[in-house]
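Subject: Structure handover

Dear colleague,

Here is the structure we discussed, for your files. My notes on it follow below.

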Amino acid sequence: MHRRLAALLVLCLSAGCGSLLPKSKEVTASPWQTYQDAQETFDKIVPGHTTIADLRNMSLDPGANANIAILNYADVMRKFLLNQSFSINDLDSGVRDCVLAKVGCKGFEINQSSVQRQRMGNVIVDVLGFYRETHTNGWRFNGLILLKDDIVVYKLTSGQPVIQATEENQNPLGPVQAISSKITGVSF
């Protein structure tokens, strides 16, 4: 019985059983499944016409949806007036109107993401530290909405519609290399 179990374990590990490798997932609570869904929602916002009630109907309500920060006019000023050589007259008219409204100004800052990381390859080689390969994919969306007296006066979006990356780490000496770097403080 023990020999069969050991043989099965060795076979699985030598075959590179990827399901034993670590995976991680970073997903913010979001009404959107993709970057495009978020962008389409923001495309429906019309500065000068869209109201705070309209934003609630679009799932852009910080009281009901996670990961939406509320900004006051001082927060907005810090975002846009980075140094003294930049004046309020240099700002977009919607931003300027919001900042000048002071307490009548508020902003919503939306940061949404869905990023998955998965290690690939042979379990033994990975666990011993000889070679690690990590695949990352997903998306990140950032949006800013400024309201003056509960009417949108400005919107801005940014982000990464598609994230795809591969990270490879090779240590020819495997665990010996990790031990020696801890002892000497020098990495090979």
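Rings of Phe, Tyr and Trp (for Trp, its six-membered ring) are taken to pair if their centres lie within 6.5 Å; planes under 30 degrees apart count as stacked, over 60 as edge-to-face, and the rest as tilted. Trp-32, Tyr-35, Phe-42 and Phe-141 form one aromatic cluster.

Before the rest, some notes on the source. This is a predicted model, in which local features need pLDDT of at least 70 and side-chain atom pairs count only at pLDDT 80 or more, while totals for chains, interfaces and linings use all residues. Residues are numbered from 1 along each chain as its sequence is written, and side-chain values use heavy atoms, with hydrogens and water left out.

Confidence is given as pLDDT (the predictor's confidence in each residue, from 0 to 100). The chain has a mean of 81, with 75% of its residues at 70 or more. Helices (H or I, at least four residues) and strands (E, at least two) are DSSP runs, numbered from the N terminus. Confidence is lowest in helix H1 (residues 2-14), with a mean of 54, and highest in helix H2 (residues 35-43), at 95.

Aromatic pairs

The whole structure contains four aromatic pairs. In one of them, the ring centres of Phe-80 and Tyr-154 are 5.7 Å apart and the planes stand at 85°, so this pair is edge-to-face. Phe-80 belongs to helix H4 (residues 73-80) and Tyr-154 to strand E5 (residues 151-170), so the pair links parts of the chain 74 residues apart. For burial, the cut-offs are under 20% relative accessible area for buried and over 50% for exposed, with partly exposed in between (1.4 Å probe, protein chains only). Phe-80 is buried at 18% relative accessibility, and Tyr-154 is buried at 13%.

Nonpolar cores

A nonpolar core here is a set of buried Ala, Val, Leu, Ile, Met, Phe, Trp, Tyr and Cys residues joined through side-chain atoms within 4.5 Å. The largest has 17 residues, of which Phe-42, Ile-45, Leu-55, Leu-60, Phe-108, Ile-110 and Ile-145 touch the most other members. Two or more residues come from each of H2, helix H3 (52-57), strand E3 (105-120) and strand E4 (131-148). E4 gives the largest share, four residues. Another core, of twelve residues, lies apart from this one and includes Phe-80, Leu-91, Val-99 and Leu-144.

With contact taken as heavy atoms within 4.5 Å, and neighbours within four places in sequence left aside, Phe-42 touches residues including Trp-32, Leu-60, Ile-110, Phe-141 and Ile-145.

Disulfide

One disulfide was found in the whole structure, the criterion being a pair of cysteine sulfur atoms within 2.5 Å. Cys-98 and Cys-105 form it, with their sulfur atoms 1.9 Å apart. The link is right-handed, with 85° about the S-S bond, and both Cys-98 and Cys-105 are buried.

Salt bridges

A salt bridge is a side-chain nitrogen of Lys or Arg within 4 Å of a carboxyl oxygen of Asp or Glu. The search finds four, including these:

- Lys-79 and Glu-109, at 2.8 Å from N to O. Lys-79 is in helix H4 and Glu-109 in strand E3, 30 residues apart. Lys-79 is partly exposed at 37%, as is Glu-109 at 21%.
- Asp-150 and Lys-106, at 3.7 Å from N to O. Asp-150 lies in the loop between E4 and E5 and Lys-106 in strand E3, so the pair ties together parts 44 residues apart in sequence.
- Asp-61 and Arg-56, at 3.8 Å from N to O. Asp-61 is buried at 18%, whereas Arg-56 is partly exposed at 45%.

Regards
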